[in-house]
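Please read the following note with the model open beside you. The points are meant to be followed in order, and each takes up one part of the picture.

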Number of protein chains: 2
Amino acid sequence: MTSKIDQASVKACVFDVFGTVVDWRGSIIAEGQSYWRAKGIDIDWAAFADGWRGGYRPAMNKVRTGELPWTNLDALHRMQLEPLLQQFNIKLSPEDTDHLNRVWHRLHAWPDSSKGLTRLKTRYVISPLSNGNVALLTNMGKFAGLPWDCVLGAEIFRHYKPDPEVYLGAAAILGLQPSEVMMCAAHGGDLQAAGKLGLRTAYIYRPLERGPGRTVERADTSTFDVAVESFEELAAALAV
Amino acid sequence: MTSKIDQASVKACVFDVFGTVVDWRGSIIAEGQSYWRAKGIDIDWAAFADGWRGGYRPAMNKVRTGELPWTNLDALHRMQLEPLLQQFNIKLSPEDTDHLNRVWHRLHAWPDSSKGLTRLKTRYVISPLSNGNVALLTNMGKFAGLPWDCVLGAEIFRHYKPDPEVYLGAAAILGLQPSEVMMCAAHGGDLQAAGKLGLRTAYIYRPLERGPGRTVERADTSTFDVAVESFEELAAALAV
């Protein structure tokens with residue numbers, strides 16, 4: 001754990017969600033191997049999860065560059081799902097397709113997330129600051145037991161990270177200066193974008209985001225205010 | 001208690017806040033008579049609270065009619081506070097004025113609010129749907145122990161109730177049909193506006209909103225789906 005932060009100046013901690021708070025890959029695989037296998041769909045769910053997530057950044061970039069008008073993440077996921085179902089030769093009813101699309105509302109937290117957030121909540125405003133939409137994040141919060149104080153989703157700002165509007169918009173809507181907000185994420189690019197705009201930055205190392213056999217390399221943390229390996233360590237670094 | 005609702009069709013309960021969830025008048029009086037009296041300001045805090053709240057609707061209407069550009073409730077409260085301080089002959093530093101303005105972030109809940117919300121949360125998405133701004137509602141939620149799943153404040157829609165954009169915007173951002181959302185409020189006008197747009201409506205009778213000596217008349221509840229006298233009764237009416 002490294003920390004070079006004056007905790008008293010931080011009022012809110014905002015969190016990247018996919019990969020940082022929840023294990024999107026493990027959750028999709030788990031639901032595939034239980035619920036969907038019981039419905040007769042027996043595929044390589046790890047490959048399916050990776051394929052779906054692989055379309056995430058290109059789809060958002062179409063919105064960021066103006067190629068697509070504003071489209072929320074549920075709708076982007078749905079657009080990617082159609083060709084993926086064809087590719088894996090899966091036939092689903094429209095109702096089942098909708099239900100599968102909403103697996104992103106049913107992601108499980110990493111084992112330390114809820115406990116660490118509960119500690120952080122005693123001293124700081126805690127909120128997701130995610131490219132997910134508000135409904136997705138709200139349903140996920142209930143499903144995974146995440147005690148958010150409020151929910152900041154991309155459509156509130158009508159921009160996707162790493163657009164500056166998201167980070168600066170979060171500080172503004174919370175009534176805070178950028179320097180009073182700490183961006184917490186497992187991804188260096190997210191933190192670099194936030195840090196450039198004056199937000200504080202906390203890196204949480206999540207080596208298993210891409211699966212157990214494919215350990216994610218640790219980012220260069222020298223430019224971040226805090227670097228930890230769990231949300232419990234984050235709470236300790238922020239003196240709660 | 002009256003109820004004519006199919007509970008299974010309701011997915012989210014959204015709440016008016018000032019008067020419905022929290023006792024704005026009693027809270028301002030209480031802070032005045034303790035914190036501010038200790039600082040030497042000894043005025044009729046009930047009259048002060050009533051005067052401040054009296055400017056609420058006219059100020060919002062200036063935004064609703066376009067006379068003012070979008071202005072959040074913290075800023076509207078601050079605009080009303082300046083002449084009020086003069087009227088009551090109170091001199092405050094800028095820091096103290098800011099602190100007093102944020103008394104709206106420190107309102108106490110009615111005794112049944114937190115308990116009822118905690119029950120409702122087990123089955124429904126619960127959120128404020130208030131003319132307050134997100135920071136105000138988030139800070140108030142922490143202060144008063146309100147277990148919101150997410151926080152929907154007016155600036156997300158850039159409209160004030162009873163503009164339709166707020167009610168329809170809430171359903172849309174929650175990913176729901178209007179008929180799946182129940183508007184819960186102590187004020188008939190709020191519910192009538194919501195009901196016209198297809199939302200479900202729950203009336204909570206709060207006779208003490210204007211103070212103990214001035215019992216608020218009960219609205220005609222015949223057109224509302226549910227009418228109750230507390231949040232615990234609301235939970236019971238909604239089968240939790």
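1. Leaving aside residues up to four places away in sequence, B:Val14 touches B:Ser127, B:Leu129, B:Leu152, B:Ala170, B:Val181, B:Met183 and B:Cys184, where two residues are in contact if their C-beta atoms, placed from the backbone, lie within 7 Å. B:Val14 is buried, with 25 other C-beta atoms within 10 Å; a residue is called buried if 20 or more other C-beta atoms lie within 10 Å of its own, exposed if 12 or fewer, and partly exposed in between. The C-alpha atom of B:Val14 is separated by 10 Å from that of B:Leu174, although the two residues are 160 residues apart along the chain.

2. Before going further, please keep in mind that this is a predicted model, in which local features need pLDDT of at least 70 and side-chain atom pairs count only at pLDDT 80 or more, while totals for chains, interfaces and linings use all residues. Residues are numbered from 1 along each chain as its sequence is written, and chains are lettered from A and ligands numbered from 1 in the order in which they are written.

3. B:Val14 is found in strand E2 of chain B; helices (H or I, at least four residues) and strands (E, at least two) are DSSP runs, numbered from the N terminus. Strand E2 (residues 12-15) of chain B pairs with E5(B) in the parallel sense over 4 bridges, and two strands are said to pair if DSSP finds at least two bridges between them. Within this pairing, B:Ala12 stands opposite B:Val181 in E5(B).

4. Is strand E5 (residues 181-185) of chain B enclosed or open? All 5 of its 5 residues are buried, so the strand is largely enclosed by the rest of the structure. Both faces of E5(B) are covered, with B:Val181, B:Met183 and B:Ala185 buried on one side and B:Met182 and B:Cys184 buried on the other.

5. E5(B) also pairs in the parallel sense with strand E6 (residues 200-204) of chain B, over 4 bridges, and B:Cys184 has B:Ala202 as its bridge partner in E6(B). Together with helix H10 (residues 188-196) of chain B, E5(B) and E6(B) make a right-handed β-α-β unit; a crossover is right-handed if, with the strands pointing away from the viewer, the path from the first strand over the helix to the second runs clockwise.

6. Turning to the contact between the chains, 15 residues come from chain B and 15 residues from chain A. Helix H7 (134-144) and helix H8 (154-157) of chain B each supply at least two residues of the side of chain B that touches chain A, and the largest share, 5 residues, comes from H7(B). By class, this side of chain B has 8 nonpolar, 3 polar and 4 charged residues, where Ala, Val, Leu, Ile, Met, Phe, Trp, Tyr, Cys and Pro count as nonpolar, Asp, Glu, Lys and Arg as charged, and the others, Gly among them, as polar.

7. The same surface serves both copies, as 100% of the contact residues of chain B recur in chain A.
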